[in-house]
Each structure stands twice: as structure tokens, then as C-alpha cells.
Amino acid sequence: MATVEVAGVRAPAWRGGFGRLWGAAVLSSFGDALRTAALPLLATTLTDEPLAIAAVTACGYLPWLVFGLLGGAVADRVDQRRAMWTVDALRGVLVACFAVAVGLGHASIGLLIALAFALTTFQTLFDNASTALLPSLVDSDALGSANARLMTGQKIAGGLLGAPVVPLLLAGGAAVPFAADAATFLLAAAVVASLRPVAPARKPGPAGSTLRREITEGLRTLARDRALRGLCAATALCNIGVGALIATMVLLVTGWLDAGRTGYAAATTACTVGALTGGAVNRRLVSRLGRVRAVLLAGSVQIGALVVMGTVHSLVALVAAMALFGLMGMVWNVNTTTLMQQRSPAEMLGRVSSAFRTLGVAGAPIGALLGGAAATAWGLNTPALLAAAFFTLSVASLIPAFKRDVPVVAPQDDMTTAHVTR
């Protein structure tokens with residue numbers, strides 16, 4: 001494991017395993033952005049039924065609810081590097097076949113739904129394996145910087161580069177974005193396969209152990225540890241709020257503010273730019289406050305940003321609030337992920353990770369429904385205030401979770417208090 005020291009904080013070296021994992025993650029994010037933007041556009045050419053079009057998006061979430069915990073258990077059993085490149089290779093072949101079907105004029109809503117469901121099913125294993133593999137490639141004291149670099153790279157590739165390229169690719173035909181997505185999957189698979197095999201820091205499971213038993217053990221580990229339990233609850237509550245906000249943001253901007261599509265584009269761009277800034281400043285913030293206090297600060301500032309969105313009738317204020325929301329959202333994501341990785345026993349990291357993701361995905365559609373109901377009943381600005389309420393509950397749930405008497409699960413964990421490794 002190679003690390004360097006930057007401003008007194010350990011960071012992963014780009015050469016070696018981390019750099020390759022980062023490259024694979026960025027490639028996949030770019031391809032995901034191409035497909036995510038192209039699928040709805042393709043769906044609108046096949047049907048004008050809103051429910052059918054929405055079903056394509058919904059099937060991109062459903063596998064996490066059905067297979068999320070299973071994917072985490074499998075990730076703890078198998079060679080994570082091999083699982084990742086195998087899954088990416090399979091996804092590349094699957095999307096390539098879909099691109100051929102689109103090019104030959106055989107696309108249908110049913111095929112789009114099947115593709116979305118299959119790709120996300122594979123993703124439940126890939127993402128959990130990736131989260132569990134990272135601590136074996138990076139020293140514990142460089143884990144926070146590694147997560148920040150990964151998430152920032154993915155945000156740049158997906159948020160700034162991927163979506164704007166789609167119209168250019170579509171000019172070459174409806175199948176071109178999907179062919180490009182397939183190529184990114186296959187390239188990412190090759191990069192991950194080039195990683196040196198890493199000896200797992202996992203204890204072998206007991207003889208006769210079943211996946212059901214292992215999933216139960218992972219859930220019990222999460223439930224017994226106050227810090228992990230608090231992080232999980234806070235993540236779920238945050239995602240309910242985010243779901244309410246994202247589902248109704250277009251109504252807030254174009255309806256309540258009457259700012260049109262230009263205003264909506266400005267708001268979403270501000271959030272992306274804010275997130276990139278958050279990835280850049282996270283290291284300094286953690287070096288001053290510690291990881292836990294950085295998380296609490298991020299949640300608290302996001303509450304204020306949401307209140308501004310729901311009360312100040314100004315596009316300028318909304319854009320500024322969205323930038324701040326995105327910045328602190330990145331700080332929250334990086335540090336909650338790092339804390340989860342550090343506190344989880346190595347042999348259960350895949351299962352704990354899957355619980356986080358499953359709860360997060362479950363919270364988003366719940367929040368979307370609540371946001372739509374609030375906008376209908378009380379006005380287009382109220383979902384932002386509803387989101388602020390859920391973020392308040394989230395921050396409140398973290399305060400007792402990180403009292404100093406919380407027992408340490410992982411021996412290498414010295415980041416769950418306000419101290420900083422130097």
C-alpha cells in the first residue's frame with residue numbers, strides 16, 4: 001500500500017492499486033452517465049405513457065431492495081477483485097447486445113426495463129465488492145482521502161462530462177451512447193483485472209455457513225454497534241429528504257420561482273460544482289475538525305441550505321443554496337463512507353456496506369412520494385422544508401451515536417472521535 005503525505009494528512013499514491021481502481025470507477029461513472037441520460041430519451045420515442053417511462057427508472061432502483069443484502073454477503077465470500085472485473089465484463093456484453101438491438105430497430109419498453117433491472121442487479125455485487133476492496137488497497141489513515149478522490153472523480157465523469165456528451169453521440173444514432181457505455185464497462189473490467197491479487201483480511205467463514213446466516217450476522221453487527229447503527233439511520237433519513245427534494249426540484253424552480261429550464265439547469269449545475277468543491281476541501285475540513293464533527297457540520301449546513309431553498313423566493317439564493325448543499329453533501333458522503341469502512345469488521349464489510357446502500361435506495365422513493373404529496377397539499381416550496389426536517393432528524397440521530405464511550409469495532413479505527421491521524 002503506497003501513501004503520500006499532503007499537508008500533514010495521509011493520502012493514497014496514484015501509482016499502484018488505488019490508481020487503477022480510481023480509473024475503473026471513473027470509466028464506469030462516465031458510461032453510467034451516458035446510459036442514464038440516453039435511456040429516458042429512448043423511452044420517449046417508444047411510448048408516451050408516463051407510467052411506462054417511469055417504470056424504466058424505477059427498475060434501476062428495485063434490485064437494490066431485492067438483492068442488495070445478498071450482494072453484500074456474496075462480496076464478503078468471493079475474491080472481490082475477480083468479482084468486480086467479471087461483473088463489468090458481463091455488463092459490457094449485455095449493453096453491447098442491447099446497442100445492437102437498438103441499432104436494428106428492435107428496442108421496446110420491455111427490453112429497456114429488463115436492461116435497467118439486470119444492470120442494477122449486477123451493480124449490487126460490484127459496488128459492495130468495490131467498497132470492501134478499497135481498505136485492502138489503501139492504508140487506514142489514507143482511507144478518507146481515497147474516498148474523496150473516488151467520489152470526486154466519479155462526479156466529474158458523470159456529472160460534468162457524461163451527460164453533455166449524449167446529444168453529440170445521439171447524432172450518430174440511438175445505439176451509439178449504449179455502445180460507448182459497453183466500451184467503458186469492458187475497459188473498466190480490464191483495468192480491475194490488472195490489479196494484483198490482494199490477500200483478504202477476512203477470517204474464513206464457519207463450515208456449513210449459509211448466505212442467509214451471513215446476512216443476518218452482518219445486520220446484527222450493524223445493529224449492535226451504536227456508531228454504525230447511527231450512521232445507517234442517519235443515511236436513511238437523509239435519503240428520504242434527498243428523494244423529496246430531487247423529485248420536486250423541477251417544480252420548485254420552474255413553478256414556484258418561475259425560472260424556466262435555464263434556472264433548473266443552473267440549479268443542478270451549481271449542485272455538481274459544489275460537490276466537486278466539497279471533494280477538494282474535505283481533507284482540510286477533516287484535519288481541523290475530525291471526521292465525526294465534519295459529518296455533523298455537513299448535515300447542519302445542509303439543513304440551512306434547504307430552509308433557504310424553501311423560503312427565499314430568489315433564483316440567485318436557490319443556486320447558492322444548491323452549491324452549498326452539494327459541497328456539504330460530498331463532505332457527508334465521503335466521511336460517512338470512511339467511518340463505515342473503518343468501524344466495520346473486515347470480514348463483514350460487504351454486508352454492512354450493502355445495508356447502507358439498501359436503506360439509502362429505499363429512502364429515496366419514499367421521499368419522492370412524500371415530496372410529491374407535500375407539493376400537492378401545501379405548495380411547491382414545501383418539499384425543501386420537508387427535506388430540512390428529515391435532515392434535522394438525521395443530524396440528531398448522529399449526536400448520541402458518537403459519544404466517546406462508543407466501543408471501537410475495528411482496531412485500526414482512531415477516527416471516530418474528533419482526533420485526526422497525522
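**Close-up 1. Helices H5 and H13 cross in this predicted model.** Axes here are lines fitted to C-alpha atoms, for helices over the stretch in contact, and the angle between two of them runs from 0 to 180 degrees between N-to-C directions. With that in mind, look at H5 and H13: their axes come within 9 Å and cross at roughly 130°. Angles of 65 to 115 degrees count as roughly perpendicular and those over 145 as roughly antiparallel, so H5 and H13 are oblique to each other. The crossing of H5 past H13 is right-handed. On the H5 side, the residues that take part are Asp127, Asn128, Thr131, Ala132 and Pro135. They meet Leu349, Gly350, Ser353, Ser354 and Arg357 of H13.

**Close-up 2. Helix H3 bends at Gly68.** H3 covers residues 62-77, which makes 16 residues. From its first C-alpha to its last, H3 reaches 23 Å, close to the 22 Å expected at 1.5 Å a residue. Find Gly68 and you will find a bend of about 55°. Gly68 is also one of the buried residues of H3, together with Pro63, Trp64, Gly71, Gly72, Ala73, Ala75 and Asp76.

**Close-up 3. Helices H10 and H11 meet at a right-handed crossing.** H10 spans residues 260-289, and its axis comes within 7 Å of the axis of H11, with a crossing angle of roughly 115°. These two helices are therefore roughly perpendicular to each other. From H10, Leu285, Val286 and Leu289 meet Arg291, Arg293, Ala294 and Leu297 in H11.

**Close-up 4. Arg293 sits in helix H11.** H11 runs over residues 291-311. Is Arg293 buried, exposed or partly exposed? Its relative accessible area is 48%, so Arg293 is partly exposed. Now look for Ile399: Arg293 and Ile399 are 106 residues apart in sequence, while their C-alpha atoms are 9.7 Å apart in space.

**Close-up 5. Asp258 lies in the loop between helices H9 and H10.** H9 covers residues 226-256. Asp258 has a phi near 55°, a positive value in a residue other than glycine. Because its relative accessible area is 65%, Asp258 counts as exposed.

Terms used:
Residues numbered from 1 in each chain as written. Predicted model: local features only at pLDDT ≥ 70, side-chain atom pairs only at ≥ 80, totals over all residues. Heavy atoms only, no water. Helix = DSSP H or I, 4+ residues; strand = E, 2+ residues; numbered from the N terminus. Expected span 1.5 Å × (residues − 1). Bend = angle between axes of the 7 residues up to and from the residue. Buried < 20%, exposed > 50% of the residue type's maximum accessible area, 1.4 Å probe, protein only. Parallel < 35°, antiparallel > 145°, perpendicular 65-115°, else oblique. Left-handed = near helix turned anticlockwise from the far one by under 90°. Contact = heavy atoms within 4.5 Å.
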